[in-house]
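I opened this entry to record the fold of one chain and then its contact with a partner chain. My notes follow in the order in which I looked things up.

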Amino acid sequence: MKFAIALFAPAHLPSSRRALRFAEAVLAGGHEIVRLFFYQDGVHSASSNAVSAQDELDLPAEWRTFVEQQKLDAVVCIAAALRRGVLNAEEAQRYQKPAANLAAPWELSGLGQLHEANQLADRLICFGGH
Amino acid sequence: MSKSLLIISRQAPWAGPSAREALDIALAGGAFDLPLGLLFLDDGVFQLLPEQQPSALQQKDLTANLQALPMFGVEALYVASRSLSERGLSEQPLALPVEQLDDSALSLLVDRYDQVITI
């Protein structure tokens, strides 16, 4: 089965961890993830600048490793990200901000990517909505 | 055939970016001509009140974006009548032509769509 997975929660909330564990289970079960889409506060789950204590789970790092190893299509909504200070180098330069905190494998793109993923997937699974 | 999506908007317009971000999903989908519905539930019904004055909170008015929904082809607009009555808004004129649904109609509505996003 093909899954689209949308995440609306930052890395420090349990929904982000649940989404990651679900995504891992999807692949372990032999299914496919057509796209990860991070929206609303979910954009913080992709930030490179979150720091975890040494004995705590580093969820943004786990997400990054998972996306890289599985070569997933992982999109962060650009409007939601800009609003929350999650910028890649290109956007940081465009808006003359002092730092970038988003890099590959994440791609900044628009909500059309969410709709496209929904059309390609058999199931849309959302985490961290209100 | 395209898969249909129901967006359930549950936050008041003054409660952070959620109302705006739910609406943006609807407008983006409308631009792609997808079969979409938008349901205002719980505090989301406050988005439908006319004559809001968001500038008093240094916020932008969402009403114009809401009015754009039919132009973007999003005409399936619903509101939960229980959410209105719980907030004393049952008799209140609303800023958009929305269909009022009772609890049993709500569950049928959710059933009718392929996918659901709640924000």
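I first read chain A from the N terminus on, and its elements run β-α-β-α-β-α-α-β-α-β, where helices (H or I, at least four residues) and strands (E, at least two) are DSSP runs numbered from the N terminus. That comes to five helices and five strands for chain A.

I noted before going further that this is a predicted model, in which local features need pLDDT of at least 70 and side-chain atom pairs count only at pLDDT 80 or more, while totals for chains, interfaces and linings use all residues. Residues are numbered from 1 along each chain as its sequence is written, and chains are lettered from A and ligands numbered from 1 in the order in which they are written.

I then looked up the overall dimensions, and the C-alpha atoms of chain A fill a box of roughly 45 × 40 × 30 Å along the principal axes. Of the 130 residues of chain A, 43% count as buried, that is, with 20 or more other C-beta atoms within 10 Å of their own, the C-beta atoms being placed from the backbone.

I turned next to contacts (C-beta atoms, placed from the backbone, within 7 Å). Among those in chain A between residues at least 6 apart in sequence, 75% join residues at least 24 apart.

Finally I checked the contact between the chains, which takes 18 residues from chain A and 18 residues from chain B. On the side of chain A that touches chain B, α3 (78-83), α5 (112-120) and β5 (123-127) each supply at least two residues, and α5(A) gives the most, with five residues.

Terms used
A residue is buried if 20 or more other C-beta atoms lie within 10 Å of its own, exposed if 12 or fewer, and partly exposed in between; C-beta atoms are placed from the backbone. Two residues are in contact if their C-beta atoms, placed from the backbone, lie within 7 Å.
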